[in-house]
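Please look through the sequence and the model below before reading on.

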Amino acid sequence: MSNNFDNSSSRQQRGNIRTVHDISTTSNLFSSVIMSVVEGRGKAKGEIGLAYIDLNSPILHLVQFRDNCSFDSLKMKCHVCQPVQIIYPNTLTQNNMMMSSLVESFPDTNFCPFDRRFFNEKRGLEFVKTLCYKDYTGIDIELESKYYCLSACSALLQYVYLEKKVFTVQYAV
């Protein structure tokens, strides 16, 4: 898969100067976090859905929130998680503000477009119900209106399965 967003220009502009950002992302080399991100469209513009998983632990994180036009909350979440890879719908264009902001802020992260059809909230909810511990019986009620994080979840889990060949078992997350 190719990266639609060019990371090279931000690297070239910095030259040999080492920044605080460079030092803080060295932990990224040891990270195994993969993140999926999707943004609402139309009236839901600014609504962000995230799903991320550390491939070394059985914890799936789902987050949905409204962000500002500079995507400060999203960037902070990415800074904390230090994902090595961020997947996004392949229908996003180069002039998408969210993706441009992420690429500029995280030049060492691999950005990977993934087929839009995998960003499906119904399939995401099915995944959560199947993978979630039996103790969480009301999880579907909590997540029923979180379309964007469920869409991101669906794409993330399918990406991890199809591209990384990581399999999950029932009631394991």
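Strand 1 and strand 2 pair in the antiparallel sense over 7 bridges, where two strands are said to pair if DSSP finds at least two bridges between them, and where strands (E, at least two residues) and helices (H or I, at least four residues) are DSSP runs numbered from the N terminus. Within this pairing, V38 stands opposite G49 in strand 2. Strand 1 also pairs with strand 4 (residues 85-89), here in the parallel sense and over 3 bridges, and M35 stands opposite I86 in strand 4.

This is a predicted model, in which local features need pLDDT of at least 70 and side-chain atom pairs count only at pLDDT 80 or more, while totals for chains, interfaces and linings use all residues. Residues are numbered from 1 along each chain as its sequence is written, and side-chain values use heavy atoms, with hydrogens and water left out.

How many of the 7 residues of strand 1 are buried? Buried means under 20% relative accessible area, exposed means over 50%, and partly exposed lies in between (1.4 Å probe, protein chains only). In strand 1 (residues 33-39), 7 of the 7 residues are buried, so the strand is largely enclosed by the rest of the structure. Both of its faces are covered, with V33, M35, V37 and E39 buried on one side and I34, S36 and V38 buried on the other.

A salt bridge is a side-chain nitrogen of Lys or Arg within 4 Å of a carboxyl oxygen of Asp or Glu, and the structure holds 4 of them. In one of these, E47 pairs with R66, and their closest N and O atoms are 3.6 Å apart. This pair links distant parts of the chain, since E47 lies in strand 2 (residues 47-54) and R66 in strand 3 (residues 60-66), 19 residues apart. E47 counts as buried, because its relative accessibility is 16%.

Another salt bridge joins the side chains of R117 and D115 at 3.0 Å, N to O. R117 counts as exposed at 60% relative accessibility, whereas D115 is partly exposed, with a relative accessible area of 29%. The side chains of R123 and E126 also meet in a salt bridge, at 3.0 Å from N to O. Because R123 and E126 are 3 residues apart in helix 5 (residues 121-131), about one helical turn separates them. R123 is partly exposed at 35% relative accessible area, and E126 is partly exposed at 42%.

What does a search for disulfides find in the whole structure? A disulfide is a pair of cysteine sulfur atoms within 2.5 Å, and the search finds 0 of them. C78 is in no disulfide, as the nearest cysteine sulfur, that of C81, is 6.8 Å away. With 1% relative accessibility, C78 counts as buried. C153 is likewise in no disulfide, and the nearest cysteine sulfur, that of C149, is 7.6 Å away. C153 is buried too, with a relative accessible area of 0%.

Finally, the confidence of the model deserves attention. pLDDT is the predictor's confidence in each residue, from 0 to 100; its mean for the protein is 80, and 72% of the residues reach 70 or more. Over residues 8-27, however, pLDDT stays under 50. For residues 8-27 the model has 18 contacts beyond four places in sequence, a contact being heavy atoms within 4.5 Å.
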